[in-house]
Amino acid sequence: MTPLHAGILSAVITLVADQASKLWLLNVFDLARRGAVKVTPFFDLVLAWNIGISFGWLQNDSQAAQFALMAVKAIAVVALAIWMAWSRTFLATVALGLIIGGAIGNSIDRLAYGAVVDFALFHVEIGGNTFNWYVFNLADVAIVAGVAALLYDSFLGVPAAKAP
């Protein structure tokens, strides 16, 4: 399998897994009706609608803001796809596919619901205080993993992936 085929496959698998998890949690498991569901002592399923960008930054539900976010995301996906097509390392190409698949998955949410569906919440209780991480989804996991793999490949991979 060529690096490009692996990158495309990682994008498709990421997109399908992300959308399937969200559709199942919304329509079959009915997370909205159930509310927070404790899975482990440190992990809950909760429904959060993210109208902002990463980690809920720049929260704005106006149509113009949503359009601007979609335009930026579309340009980023095209740029990443060009980079992926030129990438010669397997790890960098798969990493770019993870980022692309995650970005498209969150974009589909934005188009369908006007916000990104987030549902995973890690938390810890220390000294009677509960500390929560950001609520996220599988697309977010793929994007973070893709960025980490790109950083690894850029600093330690041989040869390092270069942006076009």
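Among contacts in the chain between residues at least 6 apart in sequence, what percentage join residues at least 24 apart? The figure is 63%, where contact means heavy atoms within 4.5 Å.

Before I continue, a word on the source: this is a predicted model, in which local features need pLDDT of at least 70 and side-chain atom pairs count only at pLDDT 80 or more, while totals for chains, interfaces and linings use all residues. Residues are numbered from 1 along each chain as its sequence is written, and side-chain values use heavy atoms, with hydrogens and water left out.

Let me turn to the overall layout. The chain has 5 helices and 4 strands, taken as DSSP runs numbered from the N terminus (helices H or I, at least four residues; strands E, at least two). Along the sequence they follow the pattern α-α-β-β-α-α-β-β-α. Of the 164 residues, 38% are buried, a term that means under 20% relative accessible area, with exposed over 50% and partly exposed in between (1.4 Å probe, protein chains only).

Four strands form an open sheet in the order β1-β2-β3-β4, with antiparallel pairing; two strands pair if DSSP finds at least two bridges between them. At the edges are β1 (37-40) and β4 (129-132), each pairing on one side only. From one strand to the next, the twist averages 40 degrees. Strands β2 (residues 43-50) and β3 (residues 116-126) are joined by 6 bridges, and A48 stands opposite D118 in β3. Helix α4 packs on this sheet, touching β2 and β3, and its direction makes about 115 degrees with that of β3.

Helix α4 (residues 90-113) also packs with helix α1 (residues 3-28), at an angle of about 35 degrees and with the axes 7 Å apart. Here axes are lines fitted to C-alpha atoms, for helices over the stretch in contact, and angles run from 0 to 180 degrees between N-to-C directions. By class, the contact of α1 with α4 has 14 nonpolar, 10 polar and 3 charged residues. Nonpolar covers Ala, Val, Leu, Ile, Met, Phe, Trp, Tyr, Cys and Pro; charged covers Asp, Glu, Lys and Arg; the others, Gly among them, are polar.
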